[in-house]
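Have the viewer ready and follow along.

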Amino acid sequence: MRTYYINNGKENGGPFTLDELKTQQIGKATLVWYQGMDEWKHAIDIEELSSFFTVVPPPIKFTTPIPEAISTPEIEDEKESESTILGLKKSHFFLALLFLAIFTAVFVLNVIQNNKRSEIDIKNKETEFSNEKIVLEQNVRNEERIQEEIRKRIELENNNLRRRDSINSRITEIKILLTNNQTQLENAKKDLSDAERFTFLRSENEKSEEISLIQNDIQTIKAEINQLTNEADRLYLILETIR
């Protein structure tokens, strides 16, 4: 059962049931509150209490006419009743009606402002959430970009390491080949010298052919030495760029 609290301007009273509230001599402007209300309201603005202030006119009593001189007060009462509405003077009634209209307008404006404020708060929260989401997504993308850069750097270093190993291995092979070619060149030069001095049991043509063959071998060995040397120099330059 709903219970009510009232405020007489100084202190609160209650809780009261609806029947108990009828005995409290509350007025239209008495502040009333019950559980579930956002704020205190005047009694006249609460639906179930509005019946407390409804004036029910008494039933009309039909009596026999009295002389005109004697019925003058009754006529005055009728005139007085015609100048009142719901037990209030017309001026007081319209003033109360104006206050009620002002109060209602203020209440409606407050409700509208509260609704707008709530909508603004919701939009602000949505904007904050959207901004936080954007920042989070940006952080994730930045992290992914950093990880990708690290991966590429590691991959590049590994590739450079493999290239250096491959180049160093080839340089080692070239050194061995150069050593062998140098030995072959020295032997060919010695053979050429011997062929030029040796004349026993061969004709001039045979001597010339032998010398020509040895010279061709020497040129081939020198060309190979030059090629290997150039390749080694080129590989050394490449090593300088990937260190």
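Which residues do ring pairs link into a cluster? Tyr5, Trp33 and Trp40 are the ones joined that way. Pairing here is for rings of Phe, Tyr and Trp (its six-membered ring) with centres within 6.5 Å; planes under 30 degrees apart count as stacked, over 60 as edge-to-face and the rest as tilted.

Before going on, a word on what you're looking at: this is a predicted model, where local features need pLDDT of at least 70, side-chain atom pairs count only at pLDDT 80 or more, and totals for chains, interfaces and linings use all residues. Residues are numbered from 1 along each chain as its sequence is written, and side-chain values use heavy atoms, with hydrogens and water left out. The pLDDT (the predictor's confidence in each residue, from 0 to 100) averages 83 over the chain, and 85% of the residues score at least 70. Take care with residues 66–73: pLDDT stays under 50 there, and the model has one contact (heavy atoms within 4.5 Å) for them beyond four places in sequence.

Back to the rings. Searching the whole structure turns up four aromatic pairs. One of them joins tryptophan 33 and tryptophan 40 in a tilted arrangement, 6.5 Å centre to centre with 40 degrees between the planes. Tryptophan 33 has a relative accessible area of 24%, so it is partly exposed; that label covers what falls between buried (under 20% relative accessible area) and exposed (over 50%), with a 1.4 Å probe and protein chains only. Tryptophan 40 is also partly exposed, because its relative accessible area is 32%. Phenylalanine 93 and phenylalanine 94 make an edge-to-face pair, at 5.6 Å between centres and 70 degrees between planes. Phenylalanine 93 counts as buried because its relative accessibility is 18%.

Now zoom out to the fold. The chain has four helices and six strands, taken as DSSP runs numbered from the N terminus (helices are H or I, at least four residues; strands are E, at least two). Read from the N terminus, the elements go β-β-α-β-β-α-β-β-α-α. Four of the strands make an open sheet in the order β2-β1-β3-β4, with antiparallel pairing; two strands pair if DSSP finds at least two bridges between them. Its edges are β2 (12–16) and β4 (41–42), each pairing on one side only.

Strand β1 (residues 4–7) pairs with strand β3 (residues 31–33) in the antiparallel sense over three bridges, and asparagine 7 stands opposite leucine 31 in β3. Three bridges also hold for the antiparallel pairing of β1 and β2, where tyrosine 4 has phenylalanine 16 in β2 as its bridge partner. The hairpin of β1 and β2 has four residues between the strands, and glycine 9 takes a positive phi near 100 degrees in it.

What about the helices? Helix α3 (residues 90–197) contains asparagine 181. Asparagine 181 has a relative accessible area of 4%, so it counts as buried. Beyond its neighbours within four places in sequence, asparagine 181 is in contact with Ile221, Glu224, Ile225 and Leu228.

For the whole chain, buried residues make up 17% of the 243 residues. Among contacts with a separation of 6 or more, 52% join residues 24 or more positions apart.
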